[in-house]
Amino acid sequence: MRWNQTLLETLKEIPAEAEVVSHQLMVRAGLIRKVAAGLYNYLPLGWRTLRKIENIVREEMDAAGAVEVQLPILSPAELWQETGRWEKYGAELFRVRDRHERDFALGPTHEEVITDLVRKIVRSYRQLPVNLYQIHTKFRDEIRPRFGVMRAREFIMKDAYSFDRDEAGAEASYAKMSQTYHRIFKRCGLRFKAVEADPGAIGGSFSSEFMVLAATGEEVIASCTQCKYAANVEKAQGRLADPPKAEKPVPRQLVDTQGKHTVEEVAAFLKVPTTRLAKTLLYDADGELVAVVIRGDREVNEIKLKNHLDVNALTLATPEQIQGATGAPVGFAGPFNMKGVEKILMDDSLEGAVNLVSGGNRADTHATGVNPDRDFKPTQVLDLSLAQAGDHCPQCGAPLEIERGIEVGHVFKLGTKYSQAMRATFLDEAGQEQFCVMGCYGIGVSRIAAAAIEQNHDEHGIIWPLPIAPYQAVLLPVAPKDPQAGAMAETVYQELRAAGVEVLLDDRDERAGIKFKDADLIGIPLRLTFGKHAAENLIEVKRRDTGAVELVPRPDIVVRIQTLCREMLDVASG
């Protein structure tokens, strides 16, 4: 492709709304342009990368025995109501109404639609197992679209759904998809980790996320320093590194702590460690007030709390609700003598703890000598905290470390959650009706492109892994006064194309410096410069990833570029 024949505009300035590197570089390198919040046009360079990712995904899914289908973006509310997700999915579900006043959803995912399809076709165990997938546009009404295409309202996703006769078959399908995902992300040239995760709105008994490791990632991962345990912090279950010590309980007393609100301020004022404090947080859970008591140095994991309560909506209580339940303003709530609070859930970080400090249920007052079971009765003690660095691994006991990542894939064991709700059944060998056992497997195609940039860039621009780069080589004729250099670039361009190398020829009438800067910005893996060495029949070849430069004789250039491409593909695939 010639630069002047494609729609490619680079920008010097960083877009004001771009918060993360991938968003900045995708706009500056001419991959995307914004239409509205969370909605983007993909320009030719960006679309070529997406198509390459799609091709890798499609090849590996087909090799794993999955079969491609295409499902409608628009689905009737009745299907979602069968599973209860019309109400439970929440505000992220785009709901639309047609001219006949019938409700529909723009699909953020397709469990209902695919289950409806299978229940209409599958009758016998002989038709199972089956794994159906699509690569399609999805919609989610994000409350705050951000990070470019990583948290957009419209995005491209591969979603697959397996249907099996029994749990053993479903387990095999899940394992096969997990192995397939490892191959896909390796082929894309990504450094990634599979971690345990919360199933979220999809549901099911177990799920794993595939995280591209990047310091700028919005997801937080707790990983063991010794064994293979890794989990999203929403799911991680680290054990305390410093459990409470046994002490003799002392009487509860109220202490004036005027002007001291935060855990750190109260701990410093009372000359106690933050681990001695018991924070009491009140939540509105579907209209019911629930109290959570947690150690002062820990944070409540609201995903774990919502899952335990099995509610649709969970928000922190309002100042008015807190005042009504405790008689105190925000910051002084304690777990004792509360009104209208039926459930007091205590995090296991406080299990065995005595002589705690809590809010005193009075303005500018805290209580010392607070003891569980004596001063308040926890309804239940369970893990409700976010894992932290230094916690002990739940599998081997070694310390956990915290990493950041970007979710690019998610696999779920759904069991019979959807097949039971929608009566997707089959007749087994004995003629008995059984529910299909399902799995669900998603990959964010557009997210992979952004994640690859977050993981592979420098101060000059993108450094594409060769398998998903829009082009493999960019050709820069930079000696306008030397007709030999321009003619050489043209003939090499034609020869590389004939040899199957994907080439972009920068045929613009621009200064060499501009061409070099743009080549680095768009991140094409190999740069061929036709300049001062052309008179010696030499071409300068530079690798974008390592910066290595070599002069290649003109007769050897095609073979050398093919060799470099093979080497870079081998490195990318591990």
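**Close-up views of a predicted model**

**View 1. The second largest cavity.** Met150, Thr216, Gly217, Glu218, Glu219, Ile406, Glu407 and Arg447 form the lining of the second largest cavity in this predicted model. The space inside this second largest cavity comes to about 40 Å³. Sorted by class, its lining residues are 2 nonpolar, 2 polar and 4 charged. In the whole structure, a search finds 2 cavities of 30 Å³ or more.

**View 2. The largest cavity.** The largest cavity holds about 50 Å³ of space. Its lining consists of Val474, Ala519, Asp520, Ile524, Pro525, Leu526, Arg527, Lys542, Arg543 and Arg544. Helix α13 (512–522) and the strands β29 (526–530) and β30 (538–543) are the elements that each give two or more residues to this lining. The class count for the lining of the largest cavity is 5 nonpolar, no polar and 5 charged residues.

**View 3. The second largest pocket.** Two or more lining residues come from each of α7 (263–270), β14 (278–285) and β18 (356–359). Strand β14 gives the most to the lining, with 5 residues. By class, the lining of the second largest pocket comprises 13 nonpolar, 7 polar and 1 charged residues.

**View 4. The packing of helices α1 and α11.** Two packed helices are described by the angle between their axes and by the distance between those axes. Helix α1 (residues 21–28) packs against helix α11 (residues 445–455) at an angle of about 105°, and the two axes are 8 Å apart. Because of this angle, α1 is roughly perpendicular to α11. On the α1 side, the contact is made by Val21, Ser22, Leu25 and Met26. On the α11 side, Ala449, Ala450, Ile453 and Glu454 take part. The contact of α1 with α11 has 6 nonpolar residues, together with 1 polar and 1 charged residue.

**View 5. Arginine 33 and its surroundings.** Arginine 33 belongs to strand β1 (residues 32–36). A polar atom of the arginine 33 side chain lies 2.7 Å from the backbone oxygen of valine 27. When residues up to four places away in sequence are not counted, arginine 33 touches Glu9, Leu11, Val27, Leu39, Tyr40, Asn41 and Leu43.

**View 6. Aspartate 256 in strand β13.** Aspartate 256 has its place in strand β13 (residues 253–256). The side chain of aspartate 256 reaches the backbone nitrogen of glutamine 258 at 3.0 Å. With neighbours within four places in sequence left aside, aspartate 256 is in contact with Phe269 and Asp364. Valine 27, shown in the previous view, is 229 residues from aspartate 256 along the chain, and the C-alpha atoms of these two residues are separated by 55 Å.

**View 7. Backbone geometry in two loops.** Most residues other than glycine have a negative phi, and most peptide bonds are trans. The peptide bond that runs from leucine 128 to proline 129, however, is cis, with omega near 5°. Proline 129 is situated in the loop between α5 (111–121) and β7 (130–139). Asparagine 361 is not a glycine, yet this residue has a positive phi of about 55°. The loop between β18 and β19 (365–370) contains asparagine 361.

Notes
Residues are numbered from 1 along each chain as its sequence is written. This is a predicted model: local features need pLDDT of at least 70, side-chain atom pairs count only at pLDDT 80 or more; totals for chains, interfaces and linings use all residues. Side-chain values use heavy atoms; hydrogens and water are left out. Axes are lines fitted to C-alpha atoms, for helices over the stretch in contact, and angles run from 0 to 180 degrees between N-to-C directions. Helices (H or I, at least four residues) and strands (E, at least two) are DSSP runs, numbered from the N terminus. Angles under 35 degrees count as roughly parallel, over 145 as roughly antiparallel, 65 to 115 as roughly perpendicular and the rest as oblique. Contact means heavy atoms within 4.5 Å. Ala, Val, Leu, Ile, Met, Phe, Trp, Tyr, Cys and Pro count as nonpolar, Asp, Glu, Lys and Arg as charged, and the others, Gly among them, as polar. On a 1 Å grid over the protein atoms alone, a cavity is a set of points where a 1.4 Å probe fits but cannot get out, and a pocket is an open set with protein on both sides within 12 Å along at least five of seven lines; lining residues have an atom within 4 Å of a point. Grid points are joined across faces, edges and corners, and a volume is the space filled by probe spheres set on the points. A polar contact is a pair of N or O atoms within 3.5 Å; within protein, one must be able to donate a hydrogen and the other to accept it, and residues adjacent in sequence count only if both atoms are side-chain atoms.
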